[in-house]
Amino acid sequence: MAALDLSVERGAREATLEVRLSNVPARRLYEKYGFRPVGIRPRYYSDDHEDALIMTTEPLSSPDMRARLAALGAELAGLRDPEPPDALPPGDAG
């Protein structure tokens, strides 16, 4: 998330990455962040010569992408700042 925000700040128009074809959990995560498949890099990985899936975003400045990133940022912020489990709502001191 921070990398995409920094990319926008620095004027990037889109983001592109490569991921192993076999790494389905990572592919699903990237899709959540707005990446979509656009090509294949044959035998990209040197250890086993697996192909890489090239994924890219729509323009980072597009309204849809900005909304997606804002929503995901808010979701992540909520995960970082959870309410302590023993906290009681105001007025419920027991």
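Reply: One term before we start: two strands pair if DSSP finds at least two bridges between them. The model is predicted.

Me: In which order do the 3 strands form the open sheet?

Reply: The pairing is antiparallel. Strand 1 and strand 2 (36-41) are the edge strands, each pairing on one side only. From one strand to the next, the twist averages 35°. The order is 1-3-2.

Me: Over how many bridges do strand 1 and strand 3 pair?

Reply: Strand 3 covers residues 52-56, and its pairing with strand 1 is antiparallel. Val19 stands opposite Leu53 in strand 3. The number of bridges is 5.

Me: Which residue in strand 3 is the bridge partner of Leu17?

Reply: Leu17 lies in strand 1, residues 16-20. Its side chain is buried, and it points to one face with Val19. The bridge partner of Leu17 is Met55.

Me: At about what angle to strand 1 does helix 2 run?

Reply: Helix 2 spans residues 24-32. It lies across strand 1 and strand 3. Its angle to strand 1 is about 155°.

Me: Why does Ser61 count as exposed?

Reply: Ser61 sits in the loop between strand 3 and helix 3 (63-80). Its C-alpha atom is 8.3 Å from that of Glu14, 47 residues apart along the chain. The cut-off for exposed is over 50%. Ser61 counts as exposed because its relative accessibility is 62%.

How values were computed
Residues numbered from 1 in each chain as written. Predicted model: local features only at pLDDT ≥ 70, side-chain atom pairs only at ≥ 80, totals over all residues. Heavy atoms only, no water. Buried < 20%, exposed > 50% of the residue type's maximum accessible area, 1.4 Å probe, protein only. Helix = DSSP H or I, 4+ residues; strand = E, 2+ residues; numbered from the N terminus. Axes fitted to C-alpha atoms, helices over the stretch in contact; angles between N-to-C directions. Contact = heavy atoms within 4.5 Å.
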